[in-house]
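Let's take a friendly walk through a protein model.

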Amino acid sequence: QTPTQRELVRNITETARNQSAAARQWVLGYMGSEWLRSHLDPSLRGYTDAQLLEMFTWEMDHLDIIHNAPVSVLDAEAGVGDDTIMNVTLSNGYLQNPCQRYVFGGPEPRFHVNFYAVFPYHRYFGLPPFSRNWTLSESNECLLFNANNLGKGSYGNVAFGGVTYALNRR
């Protein structure tokens, strides 16, 4: 994690903590809404709004963080194709972000890098804007899109590739 990313995460965490506290009453009301209750698994319908929120909060804090990527070149071409194929990732020993792949010489279409660097990194998070002349150090400021497995699936979002990496949250 770079110093810029560390500060960004600190700001996001602080803002989220403040907004979460302020939104608690709205979320509790949503947990009790007729619409949400009608979509719950029958095993969950007996819980109070506060119990459902407590369970949801626990899961968000404990679920694996996952990242999907293509298994092969064919998998990359069939899906979103914005990630390194599995044998390259295993050889490198880490997941490259799209900006790093661009600086290393690809194959990373400039569209992907511009998308990642402008939306959401630059526009929403305040990270440096895309440059055709980025250094490797500057490309490290890009982030990876990751997810949690709230849906409890046995795999992640296969549109991004057939391999799901479970990332260590600690």
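## Helices that cross

Helices α1 and α3 are roughly perpendicular to each other (a label for angles of 65 to 115 degrees), because their packing angle is about 110°. Their axes lie 8 Å apart. On the α1 side, R24, V27, L28 and M31 make the contact (heavy atoms within 4.5 Å); on the α3 side, D49, A50, L52, L53 and F56 do so. The residues of this contact divide into 7 nonpolar, no polar and 2 charged.

This is a predicted model, in which local features need pLDDT of at least 70, side-chain atom pairs count only at pLDDT 80 or more, and totals for chains, interfaces and linings use all residues. Residues are numbered from 1 along each chain as its sequence is written, and side-chain values use heavy atoms, leaving out hydrogens and water.

Now for the sheet. Its 3 strands follow the order β2-β1-β3 in an open, antiparallel arrangement. Two strands pair if DSSP finds at least two bridges between them. The edge strands, β2 and β3, each pair on one side only. Between β1 and β3 there are 5 bridges, and I65 stands opposite L167 in β3.

| Strand | Residues |
|---|---|
| β1 | 65-69 |
| β2 | 147-148 |
| β3 | 163-167 |

Finally, what lines the largest pocket? Its lining has 21 residues, among which Q1, V9, L143, L144 and N146 lie nearest the centre. The lining divides into 12 nonpolar, 9 polar and no charged residues. Both α1 (3-31) and α7 (110-125) supply at least two lining residues each, and the largest share, 5 residues, comes from α1.

Notes:
On a 1 Å grid over the protein atoms alone, a cavity is a set of points where a 1.4 Å probe fits but cannot get out, and a pocket is an open set with protein on both sides within 12 Å along at least five of seven lines; lining residues have an atom within 4 Å of a point. Helices (H or I, at least four residues) and strands (E, at least two) are DSSP runs, numbered from the N terminus. Ala, Val, Leu, Ile, Met, Phe, Trp, Tyr, Cys and Pro count as nonpolar, Asp, Glu, Lys and Arg as charged, and the others, Gly among them, as polar. Axes are lines fitted to C-alpha atoms, for helices over the stretch in contact, and angles run from 0 to 180 degrees between N-to-C directions. Angles under 35 degrees count as roughly parallel, over 145 as roughly antiparallel, 65 to 115 as roughly perpendicular and the rest as oblique.
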